[in-house]
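Let's take a walk through this protein together, one stop at a time.

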Amino acid sequence: MLTQPFMRFKLRDILLGADWYFLGMIAIYTIILAVFHTQIPNAGMFFMQNVFLSITIISIATLGKYKAGNIFVNIHRYYHLPIIYVIFMQVFVYISIVNPHDYDITLASWDRAIFGGNPTEFLQNISTPVLTEFLQIAYVLFYFHAFAQSIELNIRGLYEEAESVTRKIVFGFLLSYVMYFFMPAIGPRFSVHEYGSIFSDLPGLWVTDALRTIIDTGDGFRDKTMDAALQLHRNCMPSGHTMMTLMNMILAFRYRSKLRWVFFVMGLSLMFATVYLRYHYVVDVLAGIILAFVALGLESSIYSILTSKKFVKKMSND
């Protein structure tokens with residue numbers, strides 16, 4: 001049964017940092033929709049999707065705060081993964097409209113200027129099916145690292161630490177989506193190499209091909225008979241895999257996660273895999289490393305503002 005305070009709740013009382021970040025990103029999307037609505041197919045549908053997402057986030061937070069029962073509290077703790085994916089998929093509707101230029105030629109030239117050639121070609125010389133299989137698995141496990149840490153900390157009763165991890169990781173994801181607008185790119189497996197060559201150049205053992213298909217589908221490359229450049233999402237620069245994995249590793253050691261050494265080994269493997277498997281240029285990885293530290297520092301500053309007395313007072317007056 002809902003308690004009386006539910007009838008007069010204020011957002012400042014129920015929303016956690018991650019909730020605010022989600023709503024902020026949805027607001028950015030909605031502004032883009034308003035400005036470019038004549039160029040965006042189904043703009044009305046995306047607007048309604050954003051309204052639905054906002055209502056869903058506020059409802060989850062409200063039920064987690066005022067409804068009796070652990071199920072609602074746990075939904076609020078763990079709902080972020082599906083919301084992240086929905087927001088991730090929507091950003092690609094806007095990138096090609098806001099910035100229609102691809103920067104693969106520039107990024108590849110930067111790699112060659114630093115290394116004297118294409119790093120992906122150098123790494124092919126050390127490839128083995130066993131290594132490829134392991135790195136492809138490591139690359140896919142990216143989607144679970146941070147949320148596994150949040151679950152582990154919650155199970156141990158470290159609720160503030162778990163909320164901090166979730167909040168910072170959500171912020172990092174959303175920051176990486178914003179950064180995609182600046183240098184859209186599809187990656188070296190399509191620009192430096194012929195995509196079909198990866199199956200002979202980097203063969204795996206049992207699950208590599210299936211996992212590649214999953215990644216390709218998530219990146220928008222669904223119809224192999226069509227030009228990949230017409231389908232692919234522009235999510236190469238910066239390397240979100242590197243950025244989020246490094247953030248999770250730092251937080252794991254900061255909060256003494258029992259999985260910290262697992263995150264460390266698999267995280268380093270994953271970051272190496274981004275170039276070995278031809279998903280990213282090295283400069284993408286370097287940008288992801290820098291942005292990991294930027295995101296951690298920036299999020300702390302923004303969260304301090306959100307929880308400051310001045311901000312809380314303003315929200316109360318509103």
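**Two helices side by side**

By the way, helices here are DSSP runs (H or I, at least four residues), numbered from the N terminus. Before going on, note that this is a predicted model, where local features need pLDDT of at least 70, side-chain atom pairs count only at pLDDT 80 or more, and totals for chains, interfaces and linings use all residues. Residues are numbered from 1 along each chain as its sequence is written, and side-chain values use heavy atoms, with hydrogens and water left out.

Back to our pair. Helix α9 covers residues 145-155 and helix α10 residues 159-179, and they pack at about 165 degrees with their axes 8 Å apart. Axes are lines fitted to C-alpha atoms, for helices over the stretch in contact, and the angle between N-to-C directions runs from 0 to 180 degrees. That's why α9 and α10 are roughly antiparallel, the label for angles over 145 degrees.

So who touches whom? On the α9 side, look for Ala146, Phe147, Gln149, Ser150, Leu153 and Asn154; they meet Tyr159, Glu161, Ala162, Val165, Thr166, Ile169 and Phe173 of α10. Contact means heavy atoms within 4.5 Å. Sort the residues of this contact and you get eight nonpolar, four polar and one charged. Here Ala, Val, Leu, Ile, Met, Phe, Trp, Tyr, Cys and Pro count as nonpolar, Asp, Glu, Lys and Arg as charged, and the others, Gly among them, as polar.

Stay on α10 and find Ser176. Is Ser176 buried or exposed? It counts as buried, at 1% relative accessibility; buried means under 20% relative accessible area, exposed over 50%, and partly exposed in between (1.4 Å probe, protein chains only). Leaving aside residues up to four places away in sequence, Ser176 touches Pro238 and Met243.

Next, two arginines. Arg256, in the loop between α14 and α15 (260-276), has a positive phi of about 55 degrees although it is not a glycine. Arg278, in the loop between α15 and α16 (282-306), has a positive phi too, near 75 degrees. Arg278 is buried, with a relative accessible area of 1%.

Finally, confidence: the protein averages a pLDDT of 89, and 92% of the residues score at least 70. pLDDT is the predictor's confidence in each residue, from 0 to 100.

Terms used
Angles under 35 degrees count as roughly parallel, over 145 as roughly antiparallel, 65 to 115 as roughly perpendicular and the rest as oblique.
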